[in-house]
Amino acid sequence: MSRRLIPHRSPSPYPIPGAARPKLESPFDFAQGRLRRKSLILIALLLTLTLAASAQSKPRARDLGVPFDGTPGPNNAITDVKGVEVGHTTLISGAGKLEVGKGPVRTGVTAIHPRGKTSNDAVFAAWFTLNGNGEMTGTTWVDDSGFLNGPVMITNTHSVGVVRDAVIAWKVKHGTPDMEGYWWSLPVVAETWDGYLNDINGFHVKPEDAFHALDVAHSGPVEEGNVGGGTGMICNEFKGGIGTSSRVLDVKAGGYTVGVLVQCNYGAREQLRIAGINVGREIPEHTVFKDDVGSIIVIVATDAPLIP
């Protein structure tokens, strides 16, 4: 598996020369642990959902004293919702001018198992798009049934198909029929466009990369930033990527946990707010966009009781 290069290195925040500029979804202001709605692709997976451990080496915003609202869970991550597991495959190779089919490669796959990779139990689910045209497979079945049976995957725009097919192959190899005895699958795979930093038309994501993300998924702390599907993303004209957070309600409100994981790839610099402060306006240098472009995928999980 030599294509999985660890540790994860952050690529340059500047676009690759010659990369085509897409027309993408409108954005959504994000700072870790806090989301301000703008425009986005939003998937809300409402789950009734074990924790273990991994490692988070870099300080997070709360560690640096940023005063976010609310009480986070033990990991301040989507995995604070019991049962949720997250895994990444990160692909980083090459440098310099874009050469289609060779690189530079800055992309990957992120997998979110709502009840863990060994479970075949469905969870209540819903999805929502505020605006935009981002691709997300499997949503018709979510709408029709109200259930999700399997992982949620996030990758780049041109790798949705290969990741979708890989999930089906992974489930056939590792799983059993669904709870009603049927062998079929309509995986949920979402995307954002990483073509500024990644050779997106080189199709570097392969089935084994999706298999790896599914297999290494774990509970506990979640790797963030320049990892998985977020490897080639730009957010508010800084390096974007994967982020996660959680909040625990007080006992009077039931003590339930809500966790989120995002793949952020949107926004002009001046839209960057952290803990309600418009930080972006104070850092006007080295911007890369002239317009407010991009998108974000948001996965939401909770252990609160739900009435479908």
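Let me start with a question: is Glu99 buried, exposed or partly exposed? Glu99 is partly exposed, with a relative accessible area of 42%.

Quick housekeeping. This is a predicted model, so local features need pLDDT of at least 70 and side-chain atom pairs count only at pLDDT 80 or more, while totals for chains, interfaces and linings use all residues. Residues are numbered from 1 along each chain as its sequence is written, and side-chain values use heavy atoms, with hydrogens and water left out.

Back to Glu99, then. Its salt bridge partner is Lys102, with the closest N and O atoms 3.4 Å apart, and Lys102 is exposed at 60%. A salt bridge here is a side-chain nitrogen of Lys or Arg within 4 Å of a carboxyl oxygen of Asp or Glu. The count comes to four salt bridges. Another one is Asp165 with Arg164, at 2.9 Å; Asp165 is partly exposed at 46%, and so is Arg164, at 27%.

Now, what about Glu224 and Arg60? Their side chains meet in a salt bridge, 2.7 Å from N to O. Glu224 sits in the loop between α3 and β11, Arg60 in the loop between β3 (41-44) and β4 (85-93), and the two are 164 residues apart, so this pair links distant parts of the chain. For those labels, helices (H or I, at least four residues) and strands (E, at least two) are DSSP runs, numbered from the N terminus. Glu224 is buried at 18%, and Arg60 is buried at 15%.

Which buried arginine has no salt bridge? That's Arg106, and the nearest side chain of opposite charge, Asp194, is 10.0 Å away. For charge, Lys and Arg count as positive and Asp and Glu as negative; His and the chain ends are not counted. Arg106 is in strand β5 (residues 105-113), and a polar atom of its side chain lies 3.0 Å from the backbone oxygen of Ser93.

On to the rings. There are three aromatic pairs, meaning rings of Phe, Tyr and Trp (its six-membered ring) with centres within 6.5 Å; planes under 30 degrees apart count as stacked, over 60 as edge-to-face and the rest as tilted. Phe124 and Phe147 are stacked, because their centres are 5.4 Å apart and their planes are at 25°. Phe124 lies in strand β6 and Phe147 in strand β8, so the pair ties together parts that are 23 residues apart in sequence. Trp141 and Trp184 make an edge-to-face pair, 5.0 Å centre to centre with 85° between the planes. Trp141 is in helix α1 (residues 139-145), and Trp184 is in the loop between α2 and β10, 43 residues apart.

Key. Buried < 20%, exposed > 50% of the residue type's maximum accessible area, 1.4 Å probe, protein only. Polar contact = N/O pair within 3.5 Å; in protein donor to acceptor, adjacent residues only side chain to side chain.
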